There are 2 protein chains.
Amino acid sequence: LSPRVIGVALLGVGVVGSGVAEALAQRAGELAERTGARLALRHALVRDLQRPRPFVPPAICTDRIEPVLADPEVAIVIEVLGGEQPAADYIRRALEAGKHVVTANKEVIAKFGPELLAVAQERGVSLLFEAAVGGGVPLIMPLRRALIANRLSSLEGIINGTTNYILTAMAQQGLAFTTALAQAQSLGYAEPDPTNDIEAHDAAYKLAILASLAFHATVRPEQVYREGITRLTDRDFRYARELGYAIKLLAIAKDDGEAIEARVHPTLLPEQQVLAKVDGVFNAVQIDGDLVGRLLFYGRGAGARPTTSAILGDVLEIAAAIALGQPPRTGNGLRSNRPIRPIEAIQTRYYVRLTVADQPGVFARIAQVFADHAISISSVIQKESDEDARSAEIVIMTHRSREAGVRAALASIAELPVVFEVGNWIRVESA
Amino acid sequence: LSPRVIGVALLGVGVVGSGVAEALAQRAGELAERTGARLALRHALVRDLQRPRPFVPPAICTDRIEPVLADPEVAIVIEVLGGEQPAADYIRRALEAGKHVVTANKEVIAKFGPELLAVAQERGVSLLFEAAVGGGVPLIMPLRRALIANRLSSLEGIINGTTNYILTAMAQQGLAFTTALAQAQSLGYAEPDPTNDIEAHDAAYKLAILASLAFHATVRPEQVYREGITRLTDRDFRYARELGYAIKLLAIAKDDGEAIEARVHPTLLPEQQVLAKVDGVFNAVQIDGDLVGRLLFYGRGAGARPTTSAILGDVLEIAAAIALGQPPRTGNGLRSNRPIRPIEAIQTRYYVRLTVADQPGVFARIAQVFADHAISISSVIQKESDEDARSAEIVIMTHRSREAGVRAALASIAELPVVFEVGNWIRVESA
């Protein structure tokens, strides 16, 4: 039985697109053996038609989407342009033209996923996006399929490799944030404009996708509470370590049956927990289901080759179905509208770092404010004092408290004459 | 759109079967919402028709397979009888009757998987077995689908919870093997007849399945080299820890392009490695692919609820496809016949524990034997001596060596007059 030839188009030939083109060129034979489908790259959408690209013959390059969409031999469109536009527009038009689409675009799927999935369903084509979250780590398919019988209660993960690299460098080398960022940039782990990563937009897009799938609900990226890593200092890492915690940019989604929580922010994690030990550019996601218990998925969350692994997994999922004469599953896009809990209503523990006057009675004043807001303190530790400035730094750990109360308490504390500065406050989770 | 009702039969209502029946009864509505398919349990094959079972109405119980196979309303048969027969026979007859089959039976799939998959393909039905390996941890679907574009070079895992519980108890509590086994039995983690687990038959079945999928080859269970955990002593754990290693029953599959290695045996693992930290009844599998890099999957490898999670994932995979009018994927059963490397030809490092005469020159004699077999020693450490017996215990760690040489060297060493006993020898891996 000779494999069926299936036409593919590649939108974008950057780092990831080049990886996909290379793999398509170099392993067409073995992939055909495994799936019964031989993938033929028919078009590559590029910006600069003159630039030579290995594994992409100039004859198939185009700088216009129209010939791609008009080619009836193209069954699958792979979108690796990144960014919102024109990627979202091209994906929609490809689906409307009856083409299956595989994308690595977390921003587009997070913002327009429900609408695009509806278009796909209407046209009877697939829209797959395993590569949008976790690089090569299979997360989307397990959530959509293998775990579908579970009621999932929480999903927590390190899903941005850039920030995890920076936080690991700050923790292990004692670097300041700006130094660690510069190091990450020089190694190519952070973009020249790092905003998307360090302000946690990227992680928020990914969490919106994961939470939507995990809880069968619509979680839009603007509903994800988002806090970046720029306020963390080397002192926070030192104090956290002394207390037995690591600091990670944790993406957290929870469903207690009443409301969904979805938030990405720096988090103190007890250092013996697995997620606390995920270092460098690695990603890990921990999922709790009522049947399955706790699962952990760990691997490379970014890079051309892991992303290519995920993209080709999706492409071959579609291609194998076509080769077998089975129209690929379009997926059930049905999602409920569930309440999203505002950040002020969450409950967790908190780490608070204050610079205060180095004089008697200060602890008592601060403790009283916490008590007035019904927040119990689990420890108050004086960390360092500056004799010249007659100031001291103290770290307070609270018991589980409602965020609104903590915010109100910190606003009052900032007004106290004995408090010079609220240095930082960080949520503490013990997953 | 009302969900399509899909008839299901359950073969076996033991611990796992009861879990499946409970989940089917208690979450039919939400599963129908998620998949468009409402599962209706139509038959339960049991041994004792008189015994009452929660979630299984007596009216649907039968002690004969024929009415199950003859019912045209049964689309999916769930086999959770366990053991080789009659499970293998029932699975075959169900497939031949045009029914999709979901099974948790590692023994049947390891022994008869290729033949049964061929029957399924011929009849245009699915045979899925996610629950056969790793309990609720999704492993089969990622290997068959998400990772399909990769060339996988190795797969290593802790895939038997019973032995991992026993080894963890020996390591952490210093228990002897028989005491740890008795503890596991009293907690229900080990069977009254523990042979299948402690002699690594269970892990060998699972590894045969994983290796077959990972390398697209036929790896039969009798081709898996298998060594149980009964020879391990508390001293091995103590010495391993002193050297910086944990001892795990590791399932190892490798493909270097020339031959496939598939082996399950006690293994020294450097204690900082993730797999060395997987304790108790948990399972973990680490996969290395050329695109994806290293992946790790971790979770509960056994138990009614995790196994139910995996079984229902497969059942709903099939049911959702039927509900959408799409015949489920039968899978491409094509597998190459690849050479399997005999255990004598593998190369790894070795830990050797010897009881020797406590006198000068002994080290030299032993070292000469290793040298004669071209095995380099990385360390020789005298651990303990017994003044009365004039004996000492020494531990030797080798560099990477060919197993045939190590076996020959140990046979010669056992003959030396200064050697009282070859206490144990254990392979060392640093994944």
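Let me begin with a term: a salt bridge here is a side-chain nitrogen of Lys or Arg within 4 Å of a carboxyl oxygen of Asp or Glu. What we are looking at is a predicted model, in which local features need pLDDT of at least 70 and side-chain atom pairs count only at pLDDT 80 or more, while totals for chains, interfaces and linings use all residues. Residues are numbered from 1 along each chain as its sequence is written, chains are lettered from A and ligands numbered from 1 in the order in which they are written, and side-chain values use heavy atoms, with hydrogens and water left out.

By that rule there are six salt bridges across the interface of chain B and chain A, and one of them joins the side chains of B:R145 and A:E317, with 3.0 Å from N to O. On the side of chain B that touches chain A, α2 (28-35), α6 (140-146), β12 (293-300) and α12 (304-323) each supply at least two residues, and α12(B) gives the most, with ten residues; helices (H or I, at least four residues) and strands (E, at least two) are DSSP runs, numbered from the N terminus.

The contact, meaning heavy atoms within 4.5 Å, takes 50 residues from chain B and 50 residues from chain A. About 4,400 Å² is buried between the two chains, 55% of it on carbon and sulfur atoms, where buried area is the accessible area (1.4 Å probe) that two parts lose on being put together, summed over both.

Within chain A, an open sheet of six strands runs in the order β3-β2-β1-β4-β5-β6, with parallel pairing, where two strands pair if DSSP finds at least two bridges between them. The edges are held by β3 (61-62) and β6 (127-128) of chain A, each with a single partner strand, so one side of each is left without a neighbour in the sheet.
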